[in-house]
Amino acid sequence: MFQAATIDTGDKRAFYAELAKQLESLLHGEPNLIANAANTSALMFQTMPSLNWAGFYFLETDDELVLGPFQGKPACVRIAVGRGVCGTAVKEDRSILVEDVHAFPGHIACDAASRSELVVPVRRDGRVIGVIDLDSPEPARFDRDDQIGIEKLAAIFAAAIA
């Protein structure tokens with residue numbers, strides 16, 4: 001049985017290298033999208049400091065994301081592609097790091113406590129299938145090292161699913 005290990009390091013790159021190893025171990029041999037998204041969001045929420053939401057939105061149609069497995073308060077269920085941080089990340093096919101969600105035009109506030117956000121596309125066979133969405137109650141919680149680390153986790157997740 002998998003058990004997440006505490007990652008005790010002040011070095012973000014080392015933290016994400018260890019977190020990637022743990023995720024690979026956790027997902028090894030399991031191709032189910034829902035199970036893997038649930039475990040990935042739980043692992044991120046458990047190991048990453050200062051999060052109030054960690055989870056997935058998946059493309060249901062070319063125009064709409066639908067809530068997937070997550071950890072945190074109940075969330076918005078459907079997000080139009082091009083709307084909010086998640087929808088914009090899909091439309092632009094890129095990660096988006098937001099230091100202050102109140103300064104992001106069209107931000108969708110599912111949890112009023114969220115102050116910063118990081119959204120990373122999940123790509124399968126060269127196309128975006130969804131996003132990993134992380135929220136924090138701290139302004140400027142996320143930086144480039146976080147973005148690179150979560151992009152690696154998104155790639156591990158995408159490679160594991162059928």
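Good morning. Lys12, Arg141, Asp143 and Asp146 are joined in a network of salt bridges, a salt bridge being a side-chain nitrogen of Lys or Arg within 4 Å of a carboxyl oxygen of Asp or Glu. This is a predicted model, in which local features need pLDDT of at least 70 and side-chain atom pairs count only at pLDDT 80 or more, while totals for chains, interfaces and linings use all residues. Residues are numbered from 1 along each chain as its sequence is written, and side-chain values use heavy atoms, with hydrogens and water left out.

Between Asp143 and Lys12, the closest N and O atoms of the salt bridge are 3.1 Å apart. Asp143 lies in the loop between strand 6 (127-136) and helix 4 (144-160), and Lys12 in helix 1 (residues 12-27), so this pair ties together parts 131 residues apart in sequence. Helices (H or I, at least four residues) and strands (E, at least two) are DSSP runs, numbered from the N terminus.

Lys12 also forms a salt bridge with Asp146, with a closest N to O distance of 2.6 Å. Here helix 1, holding Lys12, is linked to helix 4, holding Asp146, across 134 residues.

Are these residues buried or exposed? Buried means under 20% relative accessible area, exposed over 50%, and partly exposed in between, with a 1.4 Å probe and protein chains only. Asp146 is buried at 1%, whereas Asp143 is partly exposed at 31% and Lys12 is partly exposed at 27%.

The whole structure contains eight salt bridges. One of them pairs Glu60 with Arg78, the closest N and O atoms being 3.0 Å apart. Glu60 belongs to strand 1 (residues 53-61) and Arg78 to strand 3 (residues 78-80), 18 residues away. Arg78 is partly exposed, with 43% relative accessibility.

I turn now to helix 2. Its buried residues are Asn36, Ala37, Thr40, Ser41, Leu43, Met44 and Thr47. Why do they lie on the same side of helix 2? They cover an arc of only 160° around the axis, which puts them there; the arc is that of the directions from the helix axis to the C-beta atoms. In general, an α-helix has 3.6 residues a turn, so residues three or four places apart point the same way.

The buried residues of helix 2 pack against helix 1, strand 1, strand 2 (64-72), strand 6 and helix 4, where contact means heavy atoms within 4.5 Å. Thank you.
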